[in-house]
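Biologist: I am new to this one. Please show me the structure, and then let me ask about it.

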Amino acid sequence: MNDTIPAIGQLIEPAPVRFSFDAPGWYVVGGAVLLLALIGAFLMWRHYRKNRYRREALRWLQQEEQRLAMDYAQLIYIADMLIKRIAMQHYGREISSLRGKEWLDYINGTWHSAFTDEDIKLLDKLYSSTDQIEANGVSSFVDRTKHWIKTHRYEL
């Protein structure tokens with residue numbers, strides 16, 4: 001049987017193909033990567049521009065916090081009004097009538113429920129002339145205000 005099979009001989013292997021970016025597929029890949037980079041840059045720019053009010057509000061609150069270091073009632077009032085201004089702009093003017101527990105419950109609904117019953121008491125103290133406001137409650141309220149400004153949902 002071996003006698004009937006003719007000898008084929010040595011297989012000739014072609015030379016290896018050199019790697020090159022000249023193939024048309026690389027132009028498609030390069031164009032897709034460039035397009036994705038441009039879309040990513042545009043989305044980052046839009047996000048940066050959209051959150052400009054957050055940076056300005058935080059900068060302003062920081063300046064007011066330094067200016068009103070010992071005037072606790074004024075600092076609480078300013079922080080609360082800053083939240084209200086931002087909330088009215090993003091969620092509508094109808095929230096301007098909310099006060100006390102209703103107000104903080106609404107704000108907690110736009111975030112992670114960080115404002116507590118202690119904050120409600122602090123705001124109640126603000127509008128009553130007989131109660132004194134303690135420094136530790138003020139600093140925690142201002143810190144929660146800053147955190148709300150950084151992380152609240154843009155629109156409901």
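Predicted model: local features only at pLDDT ≥ 70, side-chain atom pairs only at ≥ 80, totals over all residues.

Biologist: Is tryptophan 148 buried or exposed?

Modeller: Tryptophan 148 lies in helix 6 (residues 135-151); helices here are DSSP runs of H or I with at least four residues, strands are runs of E with at least two, and both are numbered from the N terminus. Its contacts, meaning heavy atoms within 4.5 Å, include Arg54, Ile83, Tyr91 and Phe115, not counting residues up to four places away in sequence. At 0% relative accessibility, tryptophan 148 counts as buried.

Biologist: How far apart in space are tryptophan 148 and tryptophan 111, C-alpha to C-alpha?

Modeller: Tryptophan 111 is among the residues that tryptophan 148 touches. The two are 37 residues apart in sequence. Their C-alpha distance is 6.9 Å.

Biologist: How many aromatic pairs does the structure hold?

Modeller: Rings of Phe, Tyr and Trp (its six-membered ring) pair if their centres lie within 6.5 Å; planes under 30 degrees apart count as stacked, over 60 as edge-to-face and the rest as tilted. By that rule, the number of aromatic pairs is six.

Biologist: What kind of aromatic pair do phenylalanine 19 and phenylalanine 21 form?

Modeller: Phenylalanine 19 is exposed at 61% relative accessibility. Phenylalanine 21 is exposed at 53%. Phe19, Phe21 and Trp26 form one aromatic cluster. The two phenylalanine rings are 5.0 Å apart centre to centre, with 80° between the planes, and the pair is edge-to-face.

Biologist: Why is the pair of tyrosine 91 and tyrosine 106 edge-to-face?

Modeller: Tyrosine 106 is partly exposed, with a relative accessible area of 24%. The ring centres of tyrosine 91 and tyrosine 106 are 6.1 Å apart. The pair is edge-to-face because the planes are at 70°.

Biologist: Which helices hold tyrosine 91 and tyrosine 106?

Modeller: The two tyrosines are 15 residues apart in sequence, so their pair ties together separate parts of the chain. Tyrosine 91 lies in helix 3, and tyrosine 106 in helix 4 (residues 100-109).

Biologist: At what distance does lysine 84 lie from the ring centre of tryptophan 103?

Modeller: A charge sits over a ring if NZ of Lys or CZ of Arg is within 6 Å of the ring centre and within 35 degrees of the ring normal. The charged end of arginine 55 sits over the ring of tyrosine 48, 3.8 Å from its centre. Lysine 84 lies over the face of tryptophan 103, and the distance to the ring centre is 4.4 Å.

Biologist: What separates the C-alpha atoms of lysine 50 and lysine 150?

Modeller: Lysine 50 is in helix 1. This residue is partly exposed, with a relative accessible area of 41%. Lysine 150 is 100 residues away along the chain. The C-alpha separation is 12 Å.

Biologist: How far apart are the C-alpha atoms of alanine 37 and arginine 59?

Modeller: Alanine 37 is found in helix 1 (residues 24-50). At 47% relative accessibility, alanine 37 counts as partly exposed. Arginine 59 is 22 residues away along the chain. Their C-alpha atoms are separated by 31 Å.

Terms used:
Residues numbered from 1 in each chain as written. Heavy atoms only, no water. Buried < 20%, exposed > 50% of the residue type's maximum accessible area, 1.4 Å probe, protein only.
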